[in-house]
Amino acid sequence: INRRARVPSRISWRRIEKGIRELIRQCRHDGFVPDLIVGIGRSGAITGGMVAGNMKNIPIALLDCQMIWDQHQREYVQSEFTHVTVSPKCHRILVVIGEVYSGQSMVECLRHLSGAVGDREIRTACLVQSASSTFRCDYVAFVVNRAVTPAWVLSEDYVRYGDRPTQSARH
């Protein structure tokens with residue numbers, strides 16, 4: 001994990017590239033070559049797609065979900081998860097998300113995936129993880145002490161899983 005690197009508040013595509021290379025290096029160092037990558041949400045689709053394409057074109061699936069806000073708490077709507085089908089030939093799965101701050105999204109998505117994947121080996125990866133996160137990914141490119149903005153966030157209308165939607169994002 002690259003703990004010493006100063007991570008700016010906005011992560012450039014160049015730094016994202018370095019982070020993707022670091023995630024791949026960590027997987028290879030562990031001897032972990034996934035048969036399938038599951039990207040969580042939009043950030044996981046981007047990060048997971050980059051990892052998959054640069055590890056000799058590993059198949060990728062996307063797990064997305066919807067949540068509602070109630071009493072200032074987010075609640076996942078179980079019926080709103082996308083369906084992920086796992087081939088019987090698939091034994092190792094890498095679940096990828098762009099950012100982990102609390103870890104709640106990763107935990108909820110892993111809980112949802114557990115029925116589809118059975119007893120297969122699952123490992124997790126993220127580009128950015130908060131030092132205070134309650135969930136620890138197996139592979140992490142950058143550990144931060146504050147929220148950062150990756151290059152794929154182009155406007156204030158972008159909504160992360162942990163963010164309460166703004167007025168402009170609701171329309």
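1. Helices (H or I, at least four residues) and strands (E, at least two) are DSSP runs, numbered from the N terminus. By that rule Arg-25 lies in helix H1, which covers residues 13–30. The model is a predicted one, in which local features need pLDDT of at least 70 and side-chain atom pairs count only at pLDDT 80 or more, while totals for chains, interfaces and linings use all residues. Residues are numbered from 1 along each chain as its sequence is written, and side-chain values use heavy atoms, with hydrogens and water left out.

2. On the overall plan, the protein has 4 helices and 9 strands, and from the N terminus on its elements follow the order β-α-β-α-β-β-β-β-α-β-β-β-α. Of the 171 residues in the protein, 44% are buried, where buried means under 20% relative accessible area, exposed means over 50%, and partly exposed is in between (1.4 Å probe, protein chains only). If a contact is taken as heavy atoms within 4.5 Å, then, among contacts between residues at least 6 apart in sequence, 66% join residues at least 24 apart.

3. Turning to the sheet, 5 strands form an open sheet with parallel pairing, in the order S3-S2-S6-S7-S8; two strands pair if DSSP finds at least two bridges between them. Strand S3 (60–63) and strand S8 (139–144) stand at the edges with a single partner strand each, so one side of each has no neighbour in the sheet. From one strand to the next, the twist averages 25°, with axes taken as lines fitted to C-alpha atoms (for helices over the stretch in contact) and angles running from 0 to 180 degrees between N-to-C directions.

4. Two of the strand pairs can be followed at the level of residues. Strand S2 (residues 36–40) runs parallel to S3 and is joined to it by 4 bridges, and Ile-40 stands opposite Leu-63 in S3. Helix H3 (residues 104–117) packs on the sheet, where it touches S2, S3, strand S6 (92–100) and strand S7 (121–130), and its direction makes about 160° with that of S6. S6 and S7 also run parallel, joined by 8 bridges, and Val-100 has Gln-129 in S7 as its bridge partner. As for S7, 7 of its 10 residues are buried, which leaves this strand mostly covered.

5. How do helix H1 and helix H2 pack? H1 and H2 (residues 41–53) meet at an angle of about 60°, with their axes 10 Å apart. The two helices are therefore oblique to each other, since angles under 35 degrees count as roughly parallel, over 145 as roughly antiparallel, 65 to 115 as roughly perpendicular and the rest as oblique. On the H1 side the contact is made by Trp-13, Ile-16, Ile-20, Leu-23 and Ile-24, and on the H2 side by Ile-46, Thr-47, Met-50 and Val-51.

6. Ser-43, in helix H2, is buried, with a relative accessible area of 8%. Once its neighbours within four places in sequence are left aside, Ser-43 is in contact with Ile-97, Gly-98, Glu-99, Trp-152 and Tyr-158.
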